[in-house]
Amino acid sequence: MLSYFMWSVAFRHLRYSISQSLLTIGVVAISVLLIIYLWTIISGTQTRIVQNTTGSLPHITVEPPERTPLGAWNLPMPDDQSGKLYVGEVVNLPRGLERIEDWQLWMPYLDHADPAITAVSPLVSGQVFMNRGSRRQSVRILGVLQARHNGIVEIEKNLVEGRFLAMNSGDVVMGSKLAADFGVKLRDKVRLTGPEGVALNFTVAGIHNTGFGQIDDGLVFVSLRDGQSLLGLSGSISSFGIKLADLYTAEQVAQKIAPGLPFKVRSWVLDNPNLFRTLDAQSQTRNLILLMSTIASGFGIASILVMVVTSKYREIGILKAMGATPADIQQIFVIEGVLLALVGCLVGVPLGVGLLELLAGIRSVGPDGRVDAPFLIQIEPAVLVGASLVALVTGGIASFFPARRAGKVDPMQVIRGN
Amino acid sequence: MSASPVVELDQVGKTYYNGAVETPVLFDVSCAIVPGEFVAIVGGSGSGKTTLLNLMGLLDRPTAGEIRIESVKVTGLDEVERARVRRDRLGFIFQFHYLLPEFTVIENALMPCRMRGREFELAQEPRMRELLAAVGLDDKLKARPAQLSGGQQQRVAVVRSLANNPAVVFADEPTGNLDSKSGRMVFDLMKRLNRDSGTAFVMVTHDDHFALEADRVIRIRDGRIQGTKGGKG
């Protein structure tokens with residue numbers, strides 16, 4: 001049990017060598033600050049990268065299964081073994097045939113397939129030609145139910161002008177970049193021609209700027225029904241897009257819901273393996289830096305304690321002669337290590353939080369003209385607690401060897417003045 | 001003997017082993033210290049007198065024989081148990097005072113009590129203040145050891161040795177590091193405290209003048225008790 005005697009000796013040791021104590025506290029504080037800062041900044045950057053990559057995409061896509069025809073060699077052999085020869089040709093079915101027909105039945109099921117699912121959007125997508133005057137360009141159209149799709153990507157919030165949720169049949173909504181390229185303004189007319197020759201006139205009902213290149217540069221939103229007409233899908237859709245509360249659970253949720261569906265279920269993770277590898281490498285680099293910094297602060301604590309043990313060799317011997325046990329002496333030095341770490345935390349945590357709040361307040365103008373915070377900073381209490389725990393445990397471990405050495409001091413060596 | 005001894009040594013021997021080299025230091029030492037007596041241990045350098053003191057003070061273990069403190073056999077105790085006996089029943093004064101520089105005079109004097117707990121320390125504080133006043137340090141209670149002279153520091157160490165009301169105080173050349181005047185003052189102080197408190201004192205000394213003033217002198221030569229002179233026992 002830690003006694004008043006141990007606390008008082010430990011505390012006086014540290015106060016007596018105040019300059020070394022302050023230096024060590026500084027090292028621990030910087031280490032704690034570094035843990036909090038690096039963790040938060042890198043997590044924020046990763047979230048930002050992932051959001052930029054996936055923000056315009058559903059986290060999970062539910063698509064029709066690929067229909068690969070069976071080859072003759074896959075067919076069951078007739079029982080009669082009559083020696084008949086079956087001749088055939090392997091033909092891949094056209095992509096257009098891959099569609100979800102009974103989507104209205106599946107949508108309520110998907111809505112409740114997992115509590116992590118926040119939005120389900122039926123999608124119709126394909127390439128069409130967009131005409132205005134003499135200009136003609138291939139664009140991708142996305143036929144959507146606006147309210148549902150706004151749960152996947154917030155178009156309405158990012159409208160520069162016009163409307164998205166209240167888009168009618170015969171309306172299109174496009175990105176500001178595409179609108180500028182095409183020279184169209186709100187209420188201008190464009191003509192879209194589908195792959196099977198269906199051509200319809202549309203009115204520009206809204207222009208948005210989401211900041212996502214994939215959406216702003218070459219995508220045109222139409223109502224689901226218009227999309228179906230243009231692409232000749234009649235009542236079917238091309239796929240479902242699903243948004244989750246936490247995008248990092250995508251693969252988990254995808255694997256969970258896939259067995260209940262007669263469709264192909266893909267998470268964004270599988271579509272972006274390189275991104276995932278990059279993030280993983282970044283995390284490992286971060287962990288390495290944090291490990292090094294923790295070790296450095298551990299050495300800082302250990303070095304001051306080794307110094308104290310060496311300089312207090314005689315006093316330790318006298319305390320032992322007077323009846324202090326080896327465990328008493330060891331605990332004094334462990335208290336010293338943990339005290340240094342604790343004060344280091346009390347300094348480092350507010351410094352780290354302060355620095356992050358300072359950075360969180362910075363705003364800059366991006367190349368797209370949007371004013372945004374360059375750092376995505378979310379200060380997590382768990383990170384603060386974790387950094388403090390790491391420092392405290394490091395203090396305890398770092399003090400172990402000096403403490404053991406102190407516990408072994410032989411009073412007889414000391415009292416003869418050796 | 002008027003009372004049961006506070007320390008008894010029964011055929012105690014001590015041999016140091018350094019690898020294959022055996023160095024016998026004490027042979028068949030039997031003696032007893034009775035309550036309240038002042039014993040001086042004298043002998044030449046390397047005679048074994050400090051080893052004897054360390055064995056009595058449970059700082060070292062004998063390789064033969066048996067030691068009893070207040071009639072309790074302590075030879076078989078482990079390190080922690082021996083530390084407890086030292087803390088609760090024995091006092092120590094060393095040639096070098098080794099006060100803790102971070103603590104004040106009164107805190108240093110009370111350190112053995114602090115080891116036993118805060119309440120015990122607080123209970124002993126008035127007595128220690130009186131003792132420090134009695135040795136002329138009443139105006140130095142809040143001073144740090146570095147602010148005291150060598151003689152004053154050793155007086156604090158002497159007072160400290162009595163903090164736990166020990167049965168016996170062991171002093172290893174307590175005047176060896178002091179000038180003759182300070183040495184005399186510290187010795188007289190020990191004598192006075194021995195008389196006033198009734199605590200037995202066992203002092204190793206080179207100084208024959210001090211030895212002659214002890215109740216009893218144990219003379220050691222080549223690891224054996226050569227003779228004792230005087231004494232209450």
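Visitor: Which residue of β10(A) stands opposite A:Val62?

Guide: The residue opposite A:Val62 is A:Val265 in β10(A). Bear in mind throughout that this is a predicted model.

Visitor: What makes β1 and β10 of chain A a strand pair?

Guide: Pairing calls for at least two bridges between the strands. Strand β1 (residues 60–63) and strand β10 (residues 264–267) of chain A have four bridges, in the antiparallel sense, so they count as a pair. β1(A) is also joined to β9(A) by three bridges, again antiparallel. There, A:Thr61 has A:Gly241 as its bridge partner.

Visitor: What is the phi of A:Ser234?

Guide: The phi of A:Ser234 is positive, about 40 degrees, although the residue is not a glycine. Most residues other than glycine have a negative phi. B:Asn165, also not a glycine, has a positive phi of about 50 degrees. B:Asn165 is placed in the loop between α5 (150–161) and β7 (168–172) of chain B.

Visitor: Why is B:Asn165 called partly exposed?

Guide: Buried needs 20 or more C-beta atoms within 10 Å, and exposed needs 12 or fewer. B:Asn165 has 15, which falls in between, so it is partly exposed. A:Ser229 is judged by the same rule: with 19 other C-beta atoms within 10 Å, A:Ser229 is partly exposed.

Visitor: Where is A:Ser229, and what is it in contact with?

Guide: A:Ser229 is in helix α7 (residues 224–231) of chain A. Leaving aside neighbours within four places in sequence, A:Ser229 is in contact with A:Val198 and A:Leu200.

Visitor: How do you know that the span of helix α1 of chain A agrees with its number of residues?

Guide: The expected span is 1.5 Å times one less than the number of residues. For the 13 residues of α1(A) (residues 4–16) that should be 18 Å, and the end C-alpha atoms are 18 Å apart, so the two agree.

Visitor: Which residues of α1(A) are buried?

Guide: They are A:Phe5, A:Met6, A:Val9, A:Ala10, A:His13 and A:Leu14. What covers them includes α2 (18–54), α10 (273–311) and α12 (326–360) of chain A, together with α3 (105–116) of chain B.

Visitor: How many residues of chain B are in contact with chain A?

Guide: There are 25 residues of chain B in contact with 20 residues of chain A. On this side of chain B, α2 (79–89) and α3 each supply at least two residues. The most comes from α2(B), with six residues. By class, this side of chain B has 13 nonpolar, three polar and nine charged residues.

Visitor: Why are β2 and β5 of chain B called edge strands?

Guide: Four strands of chain B form an open, antiparallel sheet in the order β2-β1-β4-β5. β2 (21–33) and β5 (72–73) each have a single partner strand, so one side of each is left without a neighbour in the sheet. Helix α1 (residues 49–56) of chain B packs on this sheet, touching β1, β2 and β4 (64–69) of chain B, and its direction makes about 115 degrees with that of β1(B).

Visitor: What makes β6 and β10 edge strands in the six-stranded sheet of chain B?

Guide: That sheet is open and mixed, in the order β6-β7-β8-β3-β9-β10. β6 (90–93) and β10 (224–230) of chain B each have a single partner strand, so they stand at the edges. Neighbouring strands are turned by 20 degrees against each other on average, direction ignored. Within the sheet, five bridges join β7(B) to strand β8 (residues 200–204) of chain B, and the two run parallel.

How values were computed:
Residues are numbered from 1 along each chain as its sequence is written. Chains are lettered from A and ligands numbered from 1 in the order in which they are written. This is a predicted model: local features need pLDDT of at least 70, side-chain atom pairs count only at pLDDT 80 or more; totals for chains, interfaces and linings use all residues. Two residues are in contact if their C-beta atoms, placed from the backbone, lie within 7 Å. Ala, Val, Leu, Ile, Met, Phe, Trp, Tyr, Cys and Pro count as nonpolar, Asp, Glu, Lys and Arg as charged, and the others, Gly among them, as polar. Axes are lines fitted to C-alpha atoms, for helices over the stretch in contact, and angles run from 0 to 180 degrees between N-to-C directions.
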